[in-house]
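Okay, thanks everyone, can you all see my screen?

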Amino acid sequence: MLFISASVKGGVMAWDLSVDLIKATVQLEQPVGDGSRTVGTGFLISDPTPGGKPRTILVTAAHVFEKMPAMSAKIGYRVQGKDGVWRFDPTTLKIRDGDHPLWVKHPTRDVAAMEVEAPPEFVKAAIPINYLAQDDTFNRYNLGPGDEMMALGFPRGLSANPAGFPILRAGRVASYPLAPATSFPTFLMDFSVFPGNSGGPVFMAEGARRRPGSNQTQEVQFVAGLLTQQVELSGERLEIGIVTHAKFIRETLALLDKLPGATVTQAKAGKTVKGDPPMPPATPAVAISATAMAASR
């Protein structure tokens, strides 16, 4: 069942998917040998095991992890102090065990997922899997070209503030048709996307959307998919983003249940190692990949 109205999450009424997703979205980063770093975006989903055990899953574009050759990356958690002030608190996340990736990748799409042991605040912030769009979501709400959606991410490695919160962008659906996802696995968004946006959630959060031909309004809140690429032609950015449907996020999450438990449960967030270089959230990128939006800086 898709969440389309006020929902209860962690005992708190969740009315605004925008705020919920901001809290669940994190920066992913790995330094590289030349002093630059690879940056991407991920977001957390609450997806219990088939046995009902709570589980927090990190979702991102597969190429974000693939462009990170080292064993560990940094995940940009945030902590709110007793004074109410947020601070950036990145920790080390193990993404490989030797040559063995600790994430699962969708067999045909640019989507990756891995189980993580997140801080309690982020376990609570993780988006319920029911927020992910299903096969009939776009048709059910008569969504199509011109409808506005939003995206969260860290363009060129930038954040909204020193606390490391993601930047919210908005744009309009720029392609037709949108469904079924099996025939049209991606769709276009008319907005500027940059390296560092890869893996960020694309979503709709309208509190009063009027259906065509109807006087009634409805609350429509769902995650439509994740950003995976920007469109370029002869090296020129066209300010169009490519979004992979949420259907493939669901399929990637399902792969976690088919693997031996030890394969992914090793993907734990470790403590920051003393002497590790800091991960400032607002340093501009200096080098950009072509179409895969994982920024090196």
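I'll start with the ground rules, then go from the whole chain to the core, a few strands and the aromatic pairs.

So, this is a predicted model: local features need pLDDT of at least 70, side-chain atom pairs count only at pLDDT 80 or more, and totals for chains, interfaces and linings use all residues. Residues are numbered from 1 along each chain as its sequence is written, and side-chain values use heavy atoms, with hydrogens and water left out.

Big picture. The protein chain has 6 helices and 22 strands; these are DSSP runs, H or I with at least four residues for helices, E with at least two for strands, numbered from the N terminus. Of its 297 residues, 51% count as buried. By that I mean under 20% relative accessible area, with exposed being over 50% and partly exposed in between, using a 1.4 Å probe and protein chains only. The chain exposes about 13,100 Å², and carbon and sulfur atoms supply 55% of that; the areas are Shrake-Rupley with a 1.4 Å probe, and for residues only the protein chains shown count as cover. As for contacts, meaning heavy atoms within 4.5 Å, take those with a separation of 6 or more: residues 24 or more positions apart account for 70% of them.

Now the core. Which residues in the largest nonpolar core touch the most other members? They're Leu-58, Met-149 and Leu-253, out of 66 residues. A nonpolar core here is a set of buried Ala, Val, Leu, Ile, Met, Phe, Trp, Tyr and Cys residues joined through side-chain atoms within 4.5 Å. The largest share of this core comes from strand β19, residues 217–233, with 6 residues. If you click on Leu-58 and skip residues up to four places away in sequence, you'll find it touching, among others, Val-26, Leu-44, Phe-65, Ile-75 and Met-114.

Met-149 stands opposite Gly-171 in β16. Strand β15, residues 148–153, has 5 of its 6 residues buried, so the rest of the structure largely encloses it. β15 runs antiparallel to β16, residues 167–173, with 6 bridges joining them; for two strands to pair, DSSP has to find at least two bridges between them. On we go to β17, which is antiparallel to β16 and joined to it by 2 bridges. Arg-172 stands opposite Asp-190 in β17. The loop between β16 and β17 (186–190) holds Pro-177, which counts as partly exposed at 25% relative accessibility. Pro-177 and Gly-144 are 33 residues apart in sequence, but C-alpha to C-alpha they're 7.2 Å apart in space.

Quick stop at Thr-244, in strand β20, residues 236–245. Is Thr-244 buried or exposed? Buried, with a relative accessible area of 2%. Its side chain makes a polar contact with the side chain of Thr-228 at 3.2 Å. A polar contact is a pair of N or O atoms within 3.5 Å; within protein, one must be able to donate a hydrogen and the other to accept it, and residues adjacent in sequence count only if both atoms are side-chain atoms.

Last topic, the rings. How many aromatic pairs does a search of the whole structure find? It finds 5. The rings are Phe, Tyr and Trp (its six-membered ring), pairing if their centres lie within 6.5 Å; planes under 30 degrees apart count as stacked, over 60 as edge-to-face and the rest as tilted. Tyr-77 and Phe-122 have ring centres 4.7 Å apart and planes at 55 degrees, so that pair is tilted. Tyr-77 sits in the loop between β6 (72–75) and β7 (78–80), Phe-122 in helix α3 (residues 120–125), and the two are 45 residues apart. Both Tyr-77 and Phe-122 are buried.

Then there's Trp-86 with Phe-165, an edge-to-face pair at 5.3 Å centre to centre and 85 degrees between the planes. Trp-86 is in strand β8 (residues 86–88) and Phe-165 in the loop between β15 and β16, so the pair ties together parts 79 residues apart in sequence. Trp-86 is partly exposed at 33% relative accessible area, whereas Phe-165 is buried at 14%. And ring pairs link Phe-138, Phe-187 and Phe-222 into a cluster.
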